[in-house]
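Subject: Structure handover

Hello,

Here is the structure I promised to pass on. Please open it beside this email and follow along.

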Amino acid sequence: MKISVLALQGDFAEHAEYFRKAGAEVELVKSADKIRNSEALVIPGGESTTYNRLMKRFGIIDALKELKEKKVPVFGTCNGLILLARSATGEDPDYSLGFLDITVSRNAYGRQRESFEADISLHIDGESSFRGIFIRAPKILEVGSSVEVLAKLGDEPVLVRQGPFLGATFHPELTDDTRIAEYFLRLAEKATS
Amino acid sequence: MEILRGTFRLKVGLAEMLKGGVIMDVTTPEQAKIAEEAGAVAVMALERVPADIRKEGGVARMADPEIILKIMEAVTIPVMAKVRIGHFVEAQILEQLGVDFIDESEVLTPADEENHIDKHGFSIPFVCGARNLGEALRRIAEGAAMIRTKGEAGTGNVVEAVRHMRLIQKEIRELQTRRPEELYAEAKRLGAPYEIVKWVAEHGRLPVPNFAAGGIATPADAALMMQLGAEAVFVGSGIFKSSDPERMARAIVDAVAYYDDPAVLAEVSRGLGEAMRGVDVSKLDEKELLQVRGW
């Protein structure tokens, strides 16, 4: 299974490394054609306003919509989650593409001063703890009935899945704990087999 | 539930999120909006851009908090602001305002000729300039979460940024060729802590993101710095001193994202109007250079 990491901007190199450590073959992609031909795609953290403009300018939105139609597995963190949501407050309504039936609020915890680390409860293969790195993070406000909540910070959902689409408000790629990459790889393999 | 703020991982984490992007100098909320709409990953809130600081002289200090707050209100992207080298009270003020990143910058007049700020003591991240590996590693030891080349700010001339980026990369490559016992002497030569020197020798890169700054004026300049190994680009005077700032800003954002695609670079470079006029750095007096500030 080859994982394509969208490399327009942000911490794509950390995502590439995170998935390599989990045993995946990784390719950085930024052209619409390469995105269209992805077997599975990761959308990294970064600035959503920057992503929005670059995606419109370089025809990437249509390529992503095709992935959604074809149900190609996609994992988005932070900025990537905003893109996967149905809608996001504080964001251009065109930016969120509705892979996941959730609404989110951008920069919901505040500025960098309010960025934080905390243990979250992860519900993958039973319940366990995972170190959540939240950087100017979004918050998930509403979760549709077909969305599975896979991790929580207190009572707040922070990792959600709907079919082959996975989204996190935090940054697993900034830790050495590869369980979330391994989970997405399993999800992607199941979806494409 | 225990919540930690201001950890080094969170500071470097924000720097990682800015990679592949353009950080633009702005002096008004209107300019900040133009920068955000053009796709800047962050703005640097200033009273004067470096080209004007260079022209007008006098003591250059932290911007008026009023200007910084107005810029913070105008945009949703991270806002950075500059403090004088060693001026930790200016940094305390910026931390209180809630800016997202502090640039301890040689563009402002230094407040201390021996000591930089102890950046570990702050909850928000710092970026510092460097001309060579020793300088970069000393700043990281003091707690910098991002390094940028100094270049020669306010000149619109990329030559010094190229020199600094090439030198840092070359010194990293040289460290990688050293035997383990030689790294102690290397640490002494570089004037940097052994542990950080050893980390760089083992990993072949800085332990924090390495950005380019100082004299970048065109999309081609920005892409040049990226191809030389910069992970993102600061553009100071180059945007709002050009004849069509909106267009220049968008073109530089595109050029940084697609820095390795000459077809995109050729397209975005067309018809941009006039870039900032610029200065021949070799014609400047040693005392006019900003890059020699800091140590």
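Over all chains, a search of the whole structure finds 48 salt bridges. A salt bridge here is a side-chain nitrogen of Lys or Arg within 4 Å of a carboxyl oxygen of Asp or Glu. This is a predicted model, in which local features need pLDDT of at least 70, side-chain atom pairs count only at pLDDT 80 or more, and totals for chains, interfaces and linings use all residues. Residues are numbered from 1 along each chain as its sequence is written, chains are lettered from A and ligands numbered from 1 in the order in which they are written, and side-chain values use heavy atoms, with hydrogens and water left out.

**Salt bridges within a chain**

Start with R161(A) and E148(A). Their side chains meet in a salt bridge (2.8 Å, N to O). R161(A) lies in strand β11 (residues 156–162) of chain A and E148(A) in strand β10 (residues 148–153) of chain A, so the pair ties together parts that are 13 residues apart in sequence. Helices (H or I, at least four residues) and strands (E, at least two) are DSSP runs, numbered from the N terminus. R161(A) is partly exposed, at a relative accessible area of 22%. E148(A) is partly exposed too, at 33%. For these words, buried means under 20% relative accessible area, exposed means over 50%, and partly exposed is in between (1.4 Å probe, protein chains only).

Now chain B. E142(B) forms a salt bridge with R139(B), and their closest N and O atoms are 2.8 Å apart. Both E142(B) and R139(B) are buried. R178(B) and E186(B) also meet through their side chains (3.2 Å, N to O). Is each of these two buried or partly exposed? R178(B) is partly exposed, with a relative accessible area of 35%. E186(B) is buried, with 9%.

**Between the chains**

Contact means heavy atoms within 4.5 Å. By that rule, 39 residues of chain A are in contact with 47 residues of chain B. The two chains bury about 3,400 Å² between them, 53% of it on carbon and sulfur atoms. Buried area is the accessible area (1.4 Å probe) that two parts lose on being put together, summed over both. In chain A, R53(A), R111(A) and R113(A) lose the most area to chain B, together 21% of what that side buries.

How many salt bridges cross this interface? The rule finds 8. One joins the side chains of E14(A) and K19(B) (2.9 Å, N to O). E14(A) and K19(B) are also linked with E16(B) and E231(B) in a network of salt bridges.

Strands meet here as well. β7(A) and strand β1 (residues 4–5) of chain B pair in the antiparallel sense over 2 bridges. Two strands pair if DSSP finds at least two bridges between them. E117(A) stands opposite L4(B) in β1(B).

**A covered strand in chain B**

Look at strand β4 (residues 79–84) of chain B. It is mostly covered, with 6 of its 6 residues buried. V79(B), A81(B) and V83(B) are buried on one side, and M80(B), K82(B) and R84(B) on the other. Strand β3 (residues 42–45) of chain B pairs with β4(B) in the parallel sense over 3 bridges. There, V43(B) has V79(B) as its bridge partner. β4(B) also pairs with strand β5 (residues 101–105) of chain B, in the parallel sense over 5 bridges. The partner of M80(B) in β5(B) is F101(B).

Best wishes
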